[in-house]
Structures are given as structure tokens and as C-alpha cells.
Amino acid sequence: MTQMETALTDMMSAVEGAIGVALVDYTSGMALATLGDNNALDLNIAAAGNTDVVRAKMRTMEMLELQGTIEDILITLTSQYHLIRPVTGKNGSGLFLYLVLDRKRANLALARHRLARVEAELEV
């Protein structure tokens, strides 16, 4: 199993309420790896759609001349949390981790902490 697959498996098993996780290239919108319940959510379509979210936020930060980088983006739905975390490690430029959680079962703070840890350790 590659380090990328191990990281996704770790997210799914370690985060209560995880529905799906993906590593996405936001330059192309393609999911490089996905893991989760495809009946609950098509992670490939979600990856492509959330690429637009990341690009829009980066453009907005540039137009506003905001310094710093995006740590994560949270999208709260009625029954789910969607977390997007750009990969900042070496060779991770242009990638983001995408995690979908069942809102009733997940602990958002712990999920964000775990996602940050996986991102920091991820080698692409």
C-alpha cells in the first residue's frame, strides 16, 4: 500500500463519522485517490466541484492581497461536514485533502486535528 493510500485509510478508520476522503489535484480537478462509501457520495464528482471552491478562495485572497495560506475550508450542510485542507508539504503543491463527515457522528474539532496531522505527514 502506498503512503497516500495509507493516509486515506488512516483518515477513514481514525475519524468517527467519516464517510469519504480524497486526495485531489486542484489544477486538474482530478481525484488522485479516494476511499469511502460511494453510495453516499460520488467522491470524484465532489473532488471536481470542490476544486472550484479552492480556486475561488485563492483568487479572492489574491485580489484582496491577503497574506498567508488557507489552513482549511469548512462547508457545513444539514447532515454533513465537508473539510478541505490544501497540502503544504514538499511536492504537495496543487493538492488538497477532502474529508466528508456525518454531522451527527463526527467530532469536528478532532477531525480537523487529524486531517492537519495527516496532511503534515503526507508525502506525495
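Here are a few exercises on this predicted model, each with a worked solution.

Some ground rules come with it: residues are numbered from 1 along each chain as its sequence is written. Local features need pLDDT of at least 70, side-chain atom pairs count only at pLDDT 80 or more, totals for chains, interfaces and linings use all residues, and side-chain values use heavy atoms, with hydrogens and water left out.

**Exercise 1: the fold**

Work out how many helices and strands the protein has, and in what order they run.

Step one is the tally, where helices (H or I, at least four residues) and strands (E, at least two) are DSSP runs numbered from the N terminus. That gives three helices and five strands. Step two is to walk along from the N terminus, which reads α-β-β-α-β-β-β-α.

**Exercise 2: overall dimensions**

Check the radius of gyration of the protein against the value for a compact globule.

Start with the rule: 2.2 Å times the number of residues to the power 0.38, with the radius taken over C-alpha atoms. For 124 residues, this puts a compact globule near 14 Å, and the protein has 14 Å, so the two agree. For the outline, take the principal axes: the C-alpha atoms fill a box of roughly 40 × 35 × 25 Å.

Next, look at burial, where buried means under 20% relative accessible area, exposed over 50% and partly exposed in between (1.4 Å probe, protein chains only). Buried residues account for 43% of the 124. Last, count contacts (heavy atoms within 4.5 Å). Of those between residues at least 6 apart in sequence, 53% join residues at least 24 apart.

**Exercise 3: the aromatic pair**

Find which rings pair up, and classify their geometry.

A pair of aromatic rings is described by the distance of the centres and the angle of the planes. Rings of Phe, Tyr and Trp (its six-membered ring) pair if their centres lie within 6.5 Å; planes under 30 degrees apart count as stacked, over 60 as edge-to-face and the rest as tilted. The search turns up one aromatic pair. Its members are Tyr26 and Phe96, with centres 6.4 Å apart and planes at 25°, so the pair is stacked. Now place them: Tyr26 sits in the loop between strand S1 (18-25) and strand S2 (30-36), and Phe96 in strand S5 (residues 95-102), so the pair ties together parts 70 residues apart in sequence. Both Tyr26 and Phe96 are buried.

**Exercise 4: a strand residue and its partners**

Decide whether Ile73 is buried or exposed, and list what touches it.

First, locate Ile73: it belongs to strand S3 (residues 73-76). Its relative accessible area is 14%, so Ile73 is buried. Then skip neighbours within four places in sequence; Ile73 is left with Val53, Val54, Lys57, His82, Leu83 and Ile84 as contacts.
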